[in-house]
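This report describes a single protein chain for a reader who has its sequence and coordinates at hand.

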Amino acid sequence: GTLNLLILRTLELEPRHGVAIADRIAAITRGTFVARPGSLFPALHRLEQEGAIVGAWTVQDGRRLKTYRLTPAGRRQLAAGRRDWERVVEAMRLVLETE
């Protein structure tokens, strides 16, 4: 759940390849979330199979990279994920702040 949401949000900004996605997640969360290859690439494959993202092979600096972009279905999934996350955050706030 959380990793998918992080990936979708990262790709909402611009298309990226796997390592760039991981780097962006680590940078923006100041290292709180680290997307390791063993988690990241299976998540990318699942999201691609679900139609939330689409990947295309490119060549950059002589290396073949699969660059992913968000699809309309991915944008809907991201919107739903944001709503779910906001409910979880509010529920946790209530639990932590209620005497």
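Helix 4 covers residues 72-97, a run of 26 residues. From its first C-alpha to its last it reaches 37 Å, close to the 38 Å expected at 1.5 Å a residue. The model is a predicted one, and the values in this report are computed from it.

Which residues of helix 4 are buried? They are Gly 74, Leu 78 and Gly 81. An α-helix has 3.6 residues a turn, so residues three or four places apart point the same way.

**The chain as a whole**

Four helices and three strands make up the secondary structure of the chain. Read from the N terminus, the order of elements is α-β-α-α-β-β-α. Taken along the principal axes, the C-alpha atoms fill a box of roughly 60 × 30 × 20 Å.

Of the 99 residues in the chain, 30% are buried. The accessible surface is about 6,700 Å², and carbon and sulfur atoms account for 55% of that area. Among contacts between residues at least 6 apart in sequence, 48% join residues that are at least 24 apart. The charged side chains number 16 positive and 11 negative, with the centres of the two sets 6 Å apart.

In what order do the three strands lie in the open sheet? The order is 1-3-2, and the pairing is antiparallel. Strand 1 and strand 2 are the edge strands, each pairing on one side only. The two pairings are set out below.

| Strand | Partner | Bridges | Direction |
|---|---|---|---|
| Strand 1 (residues 16-17) | Strand 3 | Two bridges | Antiparallel |
| Strand 2 (residues 53-60) | Strand 3 | Eight bridges | Antiparallel |

His 17 stands opposite Thr 67 in strand 3. Val 54 has Arg 69 in strand 3 as its bridge partner. Strand 2 and strand 3 form a hairpin with two residues between the strands, where Asp 61 takes a positive phi near 50°.

Thr 10 is placed in helix 1. Is Thr 10 buried or exposed? Thr 10 counts as buried because its relative accessibility is 5%, and the cut-off for buried is under 20%. Leaving aside neighbours within four places in sequence, the contacts of Thr 10 are Arg 16, Ile 21, Arg 24 and Ile 25. One of these, Arg 16, falls within strand 1, which spans residues 16-17.

Gly 1 is found in the segment before helix 1. Why does Gly 1 count as exposed? Gly 1 counts as exposed because its relative accessibility is 85%, and exposed means over 50%. Gly 1 and Ala 43 are 42 residues apart in sequence, and their C-alpha atoms are 9.7 Å apart in space.

Strand 3 pairs with strand 1 through two bridges and with strand 2 through eight bridges.

Note on methods:
Residues numbered from 1 in each chain as written. Predicted model: local features only at pLDDT ≥ 70, side-chain atom pairs only at ≥ 80, totals over all residues. Heavy atoms only, no water. Expected span 1.5 Å × (residues − 1). Buried < 20%, exposed > 50% of the residue type's maximum accessible area, 1.4 Å probe, protein only. Contact = heavy atoms within 4.5 Å. Areas by Shrake-Rupley, 256 points an atom, 1.4 Å probe, with all protein chains shown as cover. Lys, Arg positive; Asp, Glu negative; His and termini not counted. Charge placed at Lys NZ, Arg CZ, Asp CG, Glu CD. Pairing = 2+ DSSP bridges.
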